[in-house]
Amino acid sequence: MSTQHATPRNEAAQTRRAVGNILKGSAGNLVEWYDLYVYTVFAAYFQSHFFSSESDLQAGLEAMAVFSTTFLMRPIGAWFFGRYADRKGRKAALTLSVTMMSAGSFAVAILPTKDVIGIWALIILVFIRLVQGFSVGGEYGTSATYMSEAATSRRRGFFSSFQYVTLVGGQMLALLVLIILQNSMGGTVLTEWGWRIPFAIGGVAALVVLWLRRSMEETLSSDQLRAAHVKVAGEAQPGTMRLLLTKHLKPLLICIGITLGGTVAFYTYTNFILKFMNDTSGIAKTETSVINFWALLIFMCLQPVYGIISDKVGRKPLLLWFGITGVLFTWPLLSALGGTRDPFTAFLLMLGGLVIVGGYTSINALVKAELFPASIRALGVGLGYAIANSLFGGTVPLIGAALQKAGNIELFFTYVTVAIALSLLVYIFALKNKKPTQLDEEQGHAWDVAKSDDGADLVEARR
């Protein structure tokens, strides 16, 4: 790959191109994660329509169990869409995933309840959530790959951080819809039929994103796409499990290790925490919704800040920040949160946890993308994330709710701390800081950028 002078005009054009593609890619990410999270945000209002338990706590546990089933499909979705993206292109895979998510949201919005069709209401709900889990399983790895490849070389941390800006933004948007509906129609109407509105909104938004993604640029070159379909005797084809497991098993295991503690912490502070504050802290639902919204808003805004920092100091220091502070402060933060009845104190404690988790969320997609070459990147990133996410992250609401119901919530604090500690070991021993990566070799080096005689930076030529 040759080098060329990056004049201010060329650099500005590259940045504009990157911004346009990142916005189109991240818009779909926003809607996909809104559609996924809207289930947990509104579960307290629709659970009585699908679950027969008379106890709210038991019905909530059953609702979280259904949410957890979506994670069973994530590894399958990651395999399917990862292979599809590595062989057909990132754009095609992202377009297909958002189409499936849109169909699922519309289906929930019109789904009859158990009073109308009996047990079939629950069966269909579970099926829809499995389809959406399949879809989002492909969205993560493909969007992480796309944003990392579409970014300019020296601002990869900043640009790729928008995956979690939009991921968190999806949950925040779901909370905003909840707050608006709580204040405009009240709990009774929300429970009767208002819970259908957010699912309908998600379906419509996904159709808009589907239209936007049609104009995305493909980050794989035509030569790479052609090469994916050329069979060479004795060699594994791009985007296949054979290639991943025979030549890239170590990066896959590292990817799982990177994800383990981060996904447990993320789902603790952004998902389970709403139910935790409602049931353990005893804070009113209307207040916990507002607490979550403002804490997530700040958390979302911090993602690009962390990304910029990583572009200066490297990726590993931020992961170490998350790992060390997560091990030290998870128990104190969650314990204090469980004992407080003051909404503002609860907000500060939740925000403290999110500030810690931000060291992982802001750059984890990029760190994983840097482990794999383009021929296997979407599959490697997606499958590594999905395996850890399904086994550990997706079960957080279920484990937390079960221990909460059993009166052993302290065991949950220990579970989160141990998970973070395991990932910390991976950050310390398996990752090196500011070393050339697979992405550097393909897209231009993020570090050690030489200077030309007239002061202009020399960067790797893009396709």
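Is the crossing in which α13 passes α15 left-handed or right-handed?

A: The crossing of α13 past α15 is right-handed (near helix turned clockwise from the far one by less than a right angle; anticlockwise is left-handed). The model is predicted, so local features need pLDDT of at least 70 and side-chain atom pairs pLDDT 80 or more, while totals for chains, interfaces and linings use all residues. Residues are numbered from 1 along each chain as its sequence is written, and side-chain values use heavy atoms, without hydrogens and water.

Helix α13 covers residues 285–313 and helix α15 covers residues 343–361 (helices are DSSP runs of H or I, at least four residues, numbered from the N terminus). Their axes lie 9 Å apart, at an angle of about 30° (lines fitted to C-alpha atoms over the stretch in contact; angles from 0 to 180 degrees between N-to-C directions). Because of that angle, α13 and α15 count as roughly parallel (under 35 degrees; over 145 is roughly antiparallel).

On the α13 side, the contact with α15 (heavy atoms within 4.5 Å) is formed by E287, I291, N292, W294, A295, L296, I298, F299, L302, Q303 and Y306. Facing them in α15 are P343, A346, F347, M350, L351, L354, V355, V357, G358, G359 and T361. The contact of α13 with α15 comprises 16 nonpolar residues, five polar ones and one charged (nonpolar: Ala, Val, Leu, Ile, Met, Phe, Trp, Tyr, Cys, Pro; charged: Asp, Glu, Lys, Arg; polar: the others, Gly among them).

Helix α13 also packs against helix α8, residues 162–194. Here the axes come within 9 Å and the crossing angle is roughly 155°. That angle is why α8 is roughly antiparallel to α13. The hand of the α8 and α13 crossing is left-handed.

From α8, the residues that meet α13 are F162, Y164, V165, V168, G169, Q171, M172, L175, L176, L178, I179 and Q182. From α13, the residues that meet α8 are K285, T286, S289, V290, N292, F293, L296, L297, F299, M300, Q303 and P304. In the contact of α8 with α13, 16 residues are nonpolar, seven are polar and one is charged.

In short, α13 runs roughly parallel to α15, with a right-handed crossing, while α8 and α13 cross at roughly 155° with a left-handed crossing.

Terms used. Helices (H or I, at least four residues) and strands (E, at least two) are DSSP runs, numbered from the N terminus. Angles under 35 degrees count as roughly parallel, over 145 as roughly antiparallel, 65 to 115 as roughly perpendicular and the rest as oblique.
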